[in-house]
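Good morning, colleagues. Please look at the sequence and the structure on the screen, and I shall then take you through a few of their features.

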Amino acid sequence: MNFKEFYLHKPFKSSLLFLATALSSLLLVGSSYALTLEFNALRSRQALLFAPMLGLQLACLLFSALLTYYSNLTLEKLIQSYLQQIRQDVALHLFNDAKAHDPAQAQNQLLKEEDLLSVNYLRNIYSAFKSGVAVLAAGGALLSFHWSLFIACLIFALMQIYLPRLLDRQLNQANQKLAAQNQAYLKVLGDWLLGLGDLHRCLSLAWFKEKAGLAAKKLEDAHVHKSAVSTRLDYLNQLAYSLGSSLILLLTAFLVIRHWTAFGLLSSIDSFNSDFFGNLQNAADYLGEISGSRKLRQDLLAQRTPVPEQTESGQAPAGFSSSPLTVEFADLTLTYPAIKLAPGEKVLLSGASGSGKSTFFKLLLGELSPASGTIHYLDQNGQTIQPNLSQIGYLPQDPRLFPGSIAENMTMFNPALSDPKLLLQTAEQVNLSEDLRLWPDGLNTRVAVEDSNISGGQRQKIVLARSYLYHSQLLLVDEGTSAIDQAATREILSRLLQTDKTILFIAHNLTTEIRQLFDREIKFD
Ligand SMILES: Nc1ncnc2c1ncn2[C@@H]1O[C@H](COP(=O)(O)OP(=O)(O)OP(=O)(O)O)[C@@H](O)[C@H]1O
């Protein structure tokens, strides 16, 4: 996220916004100027001059308020449309980098951090600009009264600008800590709430409370810490402001006594002071906050870096041949033997829990890269090809459905596949027909993702139907029928194993009769 990008995404509206903002600040300073002229007129008892000056002061204030209203509204619209663009970029990044993402973290990226940034960054830039113009206008006005007033203001201006730098690093760290604790809290809630039913059954309320309470406490501390740093920043600025305004008033009185400046300035110097120091204080605050969000902005920029789209140019794999592979995790290295799956082969993959079966699938799907070794993908004729990995069919043990109808979840929202006859035939292949009859809306039944109105076995059948509809040549099934009863599994498998698909099937508890349907078995140990 940077300002140039924000400006360029709607340059005309942004220019209008900054023009209106500058004008509203100038008008505010103009009203202080009119006040000086009013008191000059009063002193020389010129009622005819006093009244129009009063009118001018009022007009300046009214127009300034009107322009502020317009600017605030326009700023909000521009920020929201810019955030929308960022959200789309982040979502595209998440989609294209083809890695598994923690939902809580992704939600946080998409909402919380951007909100934090829109407050800390864009609004602050706008406010800093508004205050900056007011400071320049007030400074110019003071210069027109007497150069010494301007010099005095300038000295305090420099003090105001450099003060926040003292706490810049602390504020930066406090912001990062807050974002990290926000994320950690969401993750803890996500991790524990998923299994809340089990915790409840085992009466593990105390354990849940301790875990959630600990994370909440850390979040609370981060908020308090951030607010302490901000308050220290405010206090320093306030101190400089009070000192500065008193000295300026003293100087004005001296200049008036000496007849070196207009009498009316005694009445308006306070307004100029607040225009000058107040806005300077604000600008210093905003600038401090803007640089405090630098790290977050850089992080968000990294999350938005375009990831090349999965090329659709590769071919659909129908088999593979891998050399001995290794995968390295932080404290574990998995090694695999060389494996070849010829087109059309049906292979059962077994092995103890934790032996690396699912990880092997992740390698084949390109979600993980091997530390050593290579995988060659084969076409129907056994020739090595440049693969399009998105065309590998994959059935996880706990497949996810999307908010939509059963039909849409089968076709993955592809209207070209939505012929009801084709869908019913496919449902028959995966023993889903009976389930469809049970739902009053059949294929049009809506999936309630959170309420799980679709059972685990039904979900597995729907995702299996998807691989039929998409004609996946290579199909990886990771205990993908584990929630379906034995009799139905036998029927589904005997149909599936009669197709010309190449199938690698992870399963634990298959009967000998079902095992014999496969061409061979590979065992990991
Ligand atoms: N992202 C990861 N980070 C660290 N370790 C991991 C990661 N993914 C898997 N592992 C470890 O790799 C080992 C193999 O895991 P994997 O899920 O592949 O086993 P599996 O054979 O499929 O087991 P199961 O039959 O129980 O599903 C396990 O010890 C697991 O803890």
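Which residues surround the ligand? In this predicted model, the ligand has around it Phe329, Leu332, Leu334, Gly351, Ser353, Gly354, Ser355, Gly356, Lys357, Ser358 and Thr359. Two elements each give two or more residues to this shell, namely strand β3, residues 332–336, and helix α11, residues 357–365. The largest share, 3 residues, is that of α11. Sorted by class, the shell around the ligand holds 7 polar residues, 3 nonpolar residues and 1 charged residue.

Let me now turn to the protein as a whole. The protein contains 17 helices and 11 strands. If we take the contacts between residues at least 6 apart in sequence, 80% of them join residues at least 24 apart.

I shall close with one pair of helices. Two packed helices are described by the angle between their axes and by the distance between those axes. How do α13, residues 420–429, and α15, residues 456–469, pack, and at what angle? The angle is about 120°, and the axes of α13 and α15 lie 9 Å apart. The two helices, α13 and α15, are therefore oblique to each other. Their crossing, that of α13 and α15, is right-handed. On the α13 side we find Thr426, Ala427 and Gln429, which meet Ala465, Tyr468 and Leu469 of α15. The residues of this contact comprise 4 nonpolar and 2 polar ones, with no charged residue.

Notes
Residues are numbered from 1 along each chain as its sequence is written. This is a predicted model: local features need pLDDT of at least 70, side-chain atom pairs count only at pLDDT 80 or more; totals for chains, interfaces and linings use all residues. Helices (H or I, at least four residues) and strands (E, at least two) are DSSP runs, numbered from the N terminus. Two residues are in contact if their C-beta atoms, placed from the backbone, lie within 7 Å. A residue is near a molecule or strand if its C-beta atom, placed from the backbone, lies within 6 Å of it. Ala, Val, Leu, Ile, Met, Phe, Trp, Tyr, Cys and Pro count as nonpolar, Asp, Glu, Lys and Arg as charged, and the others, Gly among them, as polar. Axes are lines fitted to C-alpha atoms, for helices over the stretch in contact, and angles run from 0 to 180 degrees between N-to-C directions. Angles under 35 degrees count as roughly parallel, over 145 as roughly antiparallel, 65 to 115 as roughly perpendicular and the rest as oblique. A crossing is left-handed if the near helix is turned anticlockwise from the far one by less than a right angle, and right-handed if clockwise.
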